[in-house]
Amino acid sequence: MTESDHSNHVHPPNHRCPACSPPPETTPEDLAAIASDPGTRSLSRALAMSFTLLKILFLLLVVFFLLERVTYIEEGQVALIRRFGAYLLDPSGRPRIFEPGSFVFVWPSPIESLEILPRARERSMTIETEFWPRIEKKEKVTQGEKALPVMQSLDPTNDRYHLTGDQNLMHSQWKVTYRVEDFLAYRLAAEDPEAMVRALVVSVILRAMGGISIDDAYYYKKDDLFRRIEEDAKSAVLDPTGRPRWGIRIVHVLNTALLPPGAAQEAFDAVTGALSERTRLIDQARKEAEARLEDAKREADKVRREAEAYATRVRSEAAADAERLTVLLKRFAGDPQGLRIYLEQWRSQELGEILQGMRLYLLPRGSNVLWTGPDPTALVEETETEK
Amino acid sequence: MKQNPWTGLISVLLLLILLLYTLCFTVQAGTAAVIKTFGAITDVKKEPGFYFKWPWPIQSVVALDTRIRVLTVPGKETPTRDQKNILLTVAIGWRIVDPIKFLSRLASEEDAKNKLADRVADARMRTIQTIALQDLLTIHPEQAQRFDAFQKSMQEAIALGLREADYGIEIESLRIQSLAFPRSTTEKIFARMIEERKRQSEWLINKGKKEAGLIRNQAELERENLLTEARAQATILRGQGDAAAAESFKVFKENPELANFLREMDALRAAFKKNTTIVLPAERPLQHLLEAPPVPKLQEP
């Protein structure tokens, strides 16, 4: 309805037509009246409080967001930061590593991302199933047990083993200790560096076992074998410049179990027993041999000592006799009579001493039977009486 | 009502973030991004960084991991040149070197793994048939080199196949993970192992006995040698003593009768030691004793 039509229409009573009668202008007095209205005031306060709360909430969200982007690097960890996909590097071109004890702020993705890695301490992985048969849980052989369950045959898809150089079977388990040394290579060289290391060590073990006989591996050259495996694994994980291929350096490769198949265990135990028996026989023979030789040495020494004693005695006696004769001849030189008298006296004296120390038994006259009773003269008297 | 400037700022910020997500992308280190424009491959970004693109559906980005990955291919029974059936499991390290070719020729990474496994199986079979089992399992000093050469030849065969197929993939390494016999063969091996160990036990004990015998015999021989040597030395020593005594006896030549008398008296004393028992006939009890050597007649000076 245009302004010109307003003369033609009839308004109902109390109707306010904006064209005919525009609403009255809101005066400041009106506004004041509205503002002073209690309901309005209450609504205003509520709205103001809400907006204030929203602002505080927003501020808290921002603070929380900022704090959440801060990470504390704990002991045993290091951190790398990627900025737009590339690792942050230090001036020397090596990855910038954030050490334990530091706080790191990272912008949200896709600007930056944080990667936390274990620090260069030793970790380990076990090679448990690659050369081991599949065993039911109840028959599980733990480290230190001496035999595997007896199986009539081995299914190559489930029961694992390695072959020796003489085409025999062995089972083994290993523990590999390693260290992450090059963090950049560890993250970028391979998708799963541990899997690469595991595959490499398994291959090294297979190769080494394939070049040795089962007896050497199990009995005679075990230590050499294990040392060779560890050395080969340590060197194979390095590139030609000596750097770890996948950021990992092997520290140790330790054998934790080496067993023949369960079906042959008894036969191997018999060989172990035979080795012990052989050692025992040889040790026993050695001990006896040593004892015999010791006896022989003692006997030889005795023979030599007796001969020396004889030689000494004979020399001494001869020298003494010669000396005695010389003395006598000198003393009684030109006096043979005096010498004779001296010798007669000396002989008598000697005889007397000799007889003093003797036990004398007299045979009865005409008899050659000796009575060895306490009183030998009784026999003499008896015999005389008989006569 | 006055406009709050913070509201405007936040709105602009949110809009920028939205635009960032649709117009930009990041290439992570270790990955490559292939850019498709209306579904066709148009570009590839291999260097890590921040790049711009048109929003979808104009352009899309496919990220590919270009690091080395491990794929294990289980063994299948295959005869060697000397007709020994073996199962050889290998693990290969492979990676994408040409992302464009990779996406062009392969449907997905799963497709890549399957095709790779097929090529590995094929190369493995052909390589196994060229070697004898004892080239891999032997106590010959060159066994390790032969083992490595075998792995290398298999790797080269696979690499050749991949070059021909041109998948944009390369093999970084190949490592044997398992070398096994068929199930039936293991039964025979067990029997052989048991028999060999039984023979070895007997041999060891016999050897031990023989070695023990040798040790004892050797000891006896040494014992005899020791005693023989000692006796010889004793003879020499005695002889030396006698010789020295003979030197002293030269003095006896001056008066042999006197010397004899003195020696006989010494012999008498030595013969009749203390507690000696003598049995004599009663009629001449002291006759024998009195038959001591006479005093020698001495020459006048």
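Okay, let's start with a pair of side chains: A:Asp283 and A:Arg286 form a salt bridge, with their closest N and O atoms 4.0 Å apart. By salt bridge I mean a side-chain nitrogen of Lys or Arg within 4 Å of a carboxyl oxygen of Asp or Glu. A:Asp283 and A:Arg286 are about one helical turn from each other because they sit 3 residues apart in helix α7 of chain A. A:Asp283 is partly exposed at 35% relative accessible area, and A:Arg286 is partly exposed too, at 46%. The cut-offs there: buried is under 20% relative accessible area, exposed is over 50%, and partly exposed is in between, with a 1.4 Å probe and protein chains only.

Some housekeeping. This is a predicted model, where local features need pLDDT of at least 70, side-chain atom pairs count only at pLDDT 80 or more, and totals for chains, interfaces and linings use all residues. Residues are numbered from 1 along each chain as its sequence is written, chains are lettered from A and ligands numbered from 1 in the order in which they are written, and side-chain values use heavy atoms, with hydrogens and water left out.

Now chain A as a whole. It has 9 helices and 10 strands; these are DSSP runs, H or I of at least four residues for helices and E of at least two for strands, numbered from the N terminus. Of its 387 residues, 39% count as buried. If you take the contacts in chain A with a separation of 6 or more, 68% come from residues 24 or more positions apart, a contact being heavy atoms within 4.5 Å. Chain A exposes about 23,000 Å², and carbon and sulfur atoms supply 54% of that. Those areas are Shrake-Rupley with a 1.4 Å probe, and for residues only the protein chains shown count as cover.

Back to the charges. Side chains of opposite charge can pair when their charged atoms come close. The structure holds 49 salt bridges over all chains. Take A:Arg82 and A:Glu115, whose closest N and O atoms are 2.7 Å apart in a salt bridge. That pair links distant parts of the chain: A:Arg82 is in strand β2 (residues 77-83), A:Glu115 is in strand β5, and they are 33 residues apart. Buried or exposed, what is A:Arg82? A:Arg82 is buried, with a relative accessible area of 8%, and A:Glu115 is buried at 11%.

In helix α6 of chain A, A:Asp224 and A:Arg227 lie 3 residues apart, about one turn of the helix. Their salt bridge has its closest N and O atoms at 2.4 Å. A:Asp224 is partly exposed at 43%, and A:Arg227 is partly exposed at 46%. There's also a network of salt bridges linking A:Glu122, A:Arg179, A:Glu181 and A:Arg249.

A:Arg249 turns up again among the contacts of A:Leu238, together with A:Arg243, A:Pro244 and A:Arg245, leaving aside neighbours within four places in sequence. A:Leu238 is in the loop between α6 (222-236) and β9 (248-259) of chain A, and it's buried at 17%.

A nonpolar patch of about 840 Å² is made by A:Phe58, A:Val62, A:Phe65, A:Leu66, A:Val70, A:Tyr72, A:Phe103, A:Phe105 and A:Trp107. Patch residues have over 30% relative accessible area and no salt bridge; like charges are joined within 9 Å, and nonpolar side chains (Val, Leu, Ile, Met, Phe, Trp, Tyr) within 5 Å. Which element gives the largest share of the nonpolar patch? That's α2(A), with 4 residues. A:Trp107 is in the loop between β4 and β5 (112-118), and it's partly exposed at 43%.

Last stop, the interface. Chains A and B bury about 10,100 Å² between them, 65% of it on carbon and sulfur atoms; buried area is the accessible area (1.4 Å probe) that two parts lose on being put together, summed over both. 111 residues of chain A are in contact with 116 residues of chain B, and 10 salt bridges run between the two chains. One of the cross-chain bridges joins A:Arg207 to B:Asp148, N to O at 2.6 Å. A:Arg207 is also among the contacts of B:Gln143, which is in helix α5 (residues 143-165) of chain B and is buried at 1%.

Over on β9 (residues 169-180) of chain B we have B:Ser178. B:Ser178 is buried at 9%, and its contacts include A:Leu206. Finally, the buried residues of α7(B), among them B:Leu258 and B:Phe261, pack against α7 (265-331) and α8 (336-356) of chain A.
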